[in-house]
Amino acid sequence: MKSNKFIISIRSLLLLVCLSSIIAISCRNPIDDHSLSNLNVINVKIGDTTIVAEVAFTSEERSTGLSGRKHLSERRGMLFYYSDSRPKGFWMKDMLFDIDILWIGEDCTVIKIDNKVPSPSSSTAELKIYQAPKLSRSVLELSAGQAELLGLKTGDKVAYQISTINKYSGCAE
């Protein structure tokens, strides 16, 4: 009789531990979910397509970018905004997935698209620098293949929702 009570107590304890683990795992915030970051999120309109994008304003935010993230959802991206300096090139340091890079010119049009830029093959791989063809106002990164899937192309007009960028100016419609 005592051994049955002991077995029932052990089973109850194991069940409690398992349920607690399941609850803890399901409540955990995934680190790669960009909606959980501290960055501002805006709508970026390219032609007739709207992308929900986090905005990297500071040099630290731009340097970190999408590094370490596991993926981006469809129609999601990261906009690298430059108020004074102009980007000369981007690299794929610590990237875990391939991306499309859209270069947005001073005239608020897409001036170049680097499609399906591969993530580094290893952490020690030499990093290629991807260059804008001329001065850029901003850069938008999307998951690889999204630019083509959404029909985005060079020459498309770009607009940001300026009111959400606070003190920074953007591309108006």
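Q: Where does glutamate 54 sit?
A: In strand β2. Keep in mind that this is a predicted model.

Q: Is glutamate 54 buried or exposed?
A: Buried. Its relative accessibility is 0%, and the cut-off for buried is under 20%.

Q: What does the side chain of glutamate 54 make a polar contact with?
A: The side chain of arginine 69, at 2.8 Å.

Q: Next, aspartate 156. Which part of the chain is it in?
A: The loop between α3 (146-149) and β9.

Q: Buried or exposed, that aspartate 156?
A: Aspartate 156 is buried, because its relative accessible area is 10% and anything under 20% counts as buried.

Q: What does the side chain of aspartate 156 reach?
A: The backbone nitrogen of lysine 153, at 2.9 Å.

Q: And which residues does aspartate 156 touch, leaving out those up to four places away in sequence?
A: Ile46, Cys108, Thr109, Val110 and Gly151.

Q: Switching to the core. How many residues has the largest nonpolar core?
A: It has 22. Val44, Ile46, Leu79, Leu102, Leu140 and Tyr160 have the most contacts inside it.

Q: Which strands each supply at least two residues of this core?
A: β1 (40-46), β2 (49-56), β3 (76-81), β5 (99-105), β6 (110-117), β8 (136-143) and β9 (158-160).

Q: What is leucine 102 in contact with, beyond four places in sequence?
A: Ile46, Val110, Lys112, Ile113, Ser138, Val139, Leu140, Leu142, Ala147 and Leu152.

Q: What about a second core?
A: There is a separate one of 19 residues. Leu66, Met78, Ile101 and Trp103 are among them.

Q: Now the largest pocket. How much space lies in it?
A: About 270 Å³. It is lined by 19 residues, and Arg62, Ser63, Phe80, Phe90 and Trp91 are the closest to its centre.

Q: Which elements give two or more residues to that lining?
A: α2 (59-64) and β4 (89-90). The most comes from α2, with four residues.

Q: What's the lining like by class?
A: Nine nonpolar, six polar and four charged residues.

Q: How far is threonine 64 from aspartate 94?
A: They are 30 residues apart in sequence, and 8.9 Å apart in space, C-alpha to C-alpha.

Definitions and conventions
Residues are numbered from 1 along each chain as its sequence is written. This is a predicted model: local features need pLDDT of at least 70, side-chain atom pairs count only at pLDDT 80 or more; totals for chains, interfaces and linings use all residues. Side-chain values use heavy atoms; hydrogens and water are left out. On a 1 Å grid over the protein atoms alone, a cavity is a set of points where a 1.4 Å probe fits but cannot get out, and a pocket is an open set with protein on both sides within 12 Å along at least five of seven lines; lining residues have an atom within 4 Å of a point. Grid points are joined across faces, edges and corners, and a volume is the space filled by probe spheres set on the points. Ala, Val, Leu, Ile, Met, Phe, Trp, Tyr, Cys and Pro count as nonpolar, Asp, Glu, Lys and Arg as charged, and the others, Gly among them, as polar. A nonpolar core is a set of buried Ala, Val, Leu, Ile, Met, Phe, Trp, Tyr and Cys residues joined through side-chain atoms within 4.5 Å. Buried means under 20% relative accessible area, exposed over 50%, partly exposed in between (1.4 Å probe, protein chains only). Contact means heavy atoms within 4.5 Å. A polar contact is a pair of N or O atoms within 3.5 Å; within protein, one must be able to donate a hydrogen and the other to accept it, and residues adjacent in sequence count only if both atoms are side-chain atoms.
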